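Good morning, and thank you for joining this group meeting. Please look at the sequence and the structure together while I describe how the chain is built.

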Amino acid sequence: MRPLPLLAAAVAASRTPLRLLGRGLAAAMSAAGRLKSVDYEVFGRVQGVCFRMYTEGEAKKIGVVGWVKNTSKGTVTGQVQGPEEKVNSMMSWLSKVGSPSSRIDRTNFSNEKTISKLEYSNFSIRY
């Protein structure tokens with residue numbers, strides 16, 4: 001008896017009709033295919049509270065690329081790129097969570113656009 005290919009075994013095990021699996025897979029691939037880029041600036045108590053370090057960690061956890069840096073006016077600025085859903089998650093984090101000791105008063109997003117390819121290979125802290 002020949003072993004079933006992995007996909008066929010997974011479908012058989014889950015009893016999910018192949019057409020439904022295919023439809024979900026196509027939707028997931030389509031959503032993952034849309035890349036988004038957005039610039040941000042975070043206002044509040046965001047310097048001296050490890051905001052950049054936490055931002056880098058969250059970006060890597062979510063799976064987006066870009067950069068973050070302090071500004072001379074006491075804000076934090078940067079850019080995030082990646083699949084649309086992941087960038088949206090990062091935007092929410094930048095608006096509402098931040099580092100444990102930070103206080104986010106507001107976050108401005110600008111230059112939000114769909115891109116054809118990522119401009120960065122990782123997420124980094126700039127100085």
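The protein chain contains four helices and five strands; these are DSSP runs numbered from the N terminus, with helices being H or I of at least four residues and strands being E of at least two. Along the sequence, the elements follow the pattern α-α-β-α-β-β-α-β-β. The model is predicted, so local features need pLDDT of at least 70 and side-chain atom pairs count only at pLDDT 80 or more, while totals for chains, interfaces and linings use all residues. Residues are numbered from 1 along each chain as its sequence is written, and side-chain values use heavy atoms, with hydrogens and water left out.

Let me begin with the sheet. Five strands form an open sheet of mixed pairing, in the order β4-β1-β3-β2-β5; two strands pair if DSSP finds at least two bridges between them. Strands β4 (103-115) and β5 (123-125) stand at the edges with a single partner strand each, so one side of each is left without a neighbour in the sheet. On average, neighbouring strands of this sheet are turned by 15 degrees against each other, direction ignored. Strand β2 (residues 65-70) runs parallel to β5 and is joined to β5 by three bridges. Here G66 stands opposite F123 in β5.

Helix α3 (residues 51-62) lies across β1 (35-45), β2, β3 (76-83), β4 and β5, and runs at about 175 degrees to β5. Such angles run from 0 to 180 degrees between N-to-C directions, with axes fitted to C-alpha atoms, for helices over the stretch in contact; contact means heavy atoms within 4.5 Å.

I turn now to helix α4. Which residues of α4 are buried? They are V87, M90, M91, W93 and L94, where buried means under 20% relative accessible area, exposed over 50% and partly exposed in between, with a 1.4 Å probe and protein chains only. Seen down the axis of α4, the buried residues fall within an arc of 160 degrees, so they line one face of the helix; the arc is that of the directions from the helix axis to the C-beta atoms. These buried residues pack against β1, α3, β3 and β4. The face turned away from the buried side of α4 carries the exposed residues E85 and K96. After α4 comes G98, with a positive phi near 65 degrees.

Finally, the chain as a whole. Of its 127 residues, 35% are buried. Among contacts between residues at least 6 apart in sequence, 76% join residues at least 24 apart.
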